[in-house]
Amino acid sequence: MSSTTIQSMLDKVFRHQETNQFGPNRYALLFKPGTYNVDVNLGFYTQALGLGLLPDAVTIKGKGGVHVQAGWMRGNKSRLP
């Protein structure tokens, strides 16, 4: 798959799971050994796993690499003044 196709799928999963705090869906993003130039933003109930024999068999390079963005709830800050 091309990086563009993979990124499109990753973005779709994130959009679905970003605010799905108590939803029933779960996602496991599995990467075969290799180097990927993608941005893996994880939402609720989402995990990213490399399928390589050794830990460095899978490399994620991209804008943010693998990260969690919690901006949907004001960065999880209290709503109290």
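**Pocket, cavity and ring pairs**

Tutor: In this predicted model, the largest pocket has a lining made up of M1, I6, M9, L10, K12, V13, L29, L30, F31, K32 and Y36. Its volume is about 250 Å³.

Student: What makes up the lining of the largest pocket by class?

Tutor: Nine of the lining residues are nonpolar, two are charged and none is polar. Lys counts as charged, and K12 and K32 are among the lining residues. Tyr counts as nonpolar, so Y36, which also lines the pocket, goes with the nonpolar group.

Student: Why is F31 called buried?

Tutor: The relative accessible area of F31 is 6%. Buried means under 20%, so F31 is buried.

Student: How do you know whether Y36 is buried or exposed?

Tutor: The same cut-off of under 20% applies. Y36 has a relative accessible area of 14%, so Y36 is buried.

Student: How many aromatic pairs are there?

Tutor: The count comes to two. One of them is formed by F31 and Y36.

Student: Why is the pair of F31 and Y36 called edge-to-face?

Tutor: Two values matter. The ring centres of F31 and Y36 are 5.0 Å apart, and the limit for a pair is within 6.5 Å. The angle between the two planes is 70°, and planes over 60 degrees apart count as edge-to-face. The pair of F31 and Y36 is therefore edge-to-face.

Student: What makes the pair of F44 and Y45 stacked, tilted or edge-to-face?

Tutor: The centres of the F44 and Y45 rings lie 6.4 Å apart, and the limit is within 6.5 Å, so they pair. Their planes are at 45°. Stacked needs under 30 degrees and edge-to-face needs over 60, so the pair is tilted.

Student: What is stated about the phi of Y45, and where does Y45 lie?

Tutor: Phi of Y45 is near 55°, which is positive although the residue is not glycine. Y45 sits in the loop between β3 and β4.

Student: Which residues line the largest cavity?

Tutor: Its lining consists of L10, V13, F14, Q17, L29, N41, L42, G43 and T46. Two or more of the lining residues come from α1 and from β3, residues 40-42. The most come from α1, with four residues. The volume of this cavity is about 30 Å³, and the structure holds one cavity of 30 Å³ or more.

Student: How does the lining of the largest cavity divide by class?

Tutor: Five residues are nonpolar, four are polar and none is charged. Gly is counted as polar, so G43, which lines the cavity, is in the polar group.

Student: Why does Q17 count as buried?

Tutor: Its relative accessibility is 0%, and the cut-off is under 20%, so Q17 is buried. Q17 lies in helix α1. Beyond four places in sequence, Q17 touches N25, Y27, G43, F44, Y45 and T46.

Student: What makes the link between the side chains of Q17 and H16 a polar contact?

Tutor: The distance is 2.8 Å, and a polar contact needs N or O atoms within 3.5 Å. Residues adjacent in sequence count only if both atoms are side-chain atoms, and here the contact joins two side chains.

Student: Why does T46 count as buried?

Tutor: T46 is at 14% relative accessibility, so T46 falls under the 20% cut-off and counts as buried. T46 lies in strand β4. A polar atom of its side chain lies 3.1 Å from the backbone oxygen of F44. With neighbours up to four places away left aside, T46 is in contact with V13, Q17, Y27 and L29.

Student: How do you know that L49 is partly exposed?

Tutor: Its relative accessible area is 35%. That value lies between 20% and 50%, so L49 is partly exposed. L49 and F31 are 18 residues apart in sequence, with their C-alpha atoms 6.2 Å apart in space.

Notes. Residues are numbered from 1 along each chain as its sequence is written. This is a predicted model: local features need pLDDT of at least 70, side-chain atom pairs count only at pLDDT 80 or more; totals for chains, interfaces and linings use all residues. Side-chain values use heavy atoms; hydrogens and water are left out. Buried means under 20% relative accessible area, exposed over 50%, partly exposed in between (1.4 Å probe, protein chains only). A polar contact is a pair of N or O atoms within 3.5 Å; within protein, one must be able to donate a hydrogen and the other to accept it, and residues adjacent in sequence count only if both atoms are side-chain atoms. Contact means heavy atoms within 4.5 Å. On a 1 Å grid over the protein atoms alone, a cavity is a set of points where a 1.4 Å probe fits but cannot get out, and a pocket is an open set with protein on both sides within 12 Å along at least five of seven lines; lining residues have an atom within 4 Å of a point. Grid points are joined across faces, edges and corners, and a volume is the space filled by probe spheres set on the points. Rings of Phe, Tyr and Trp (its six-membered ring) pair if their centres lie within 6.5 Å; planes under 30 degrees apart count as stacked, over 60 as edge-to-face and the rest as tilted.
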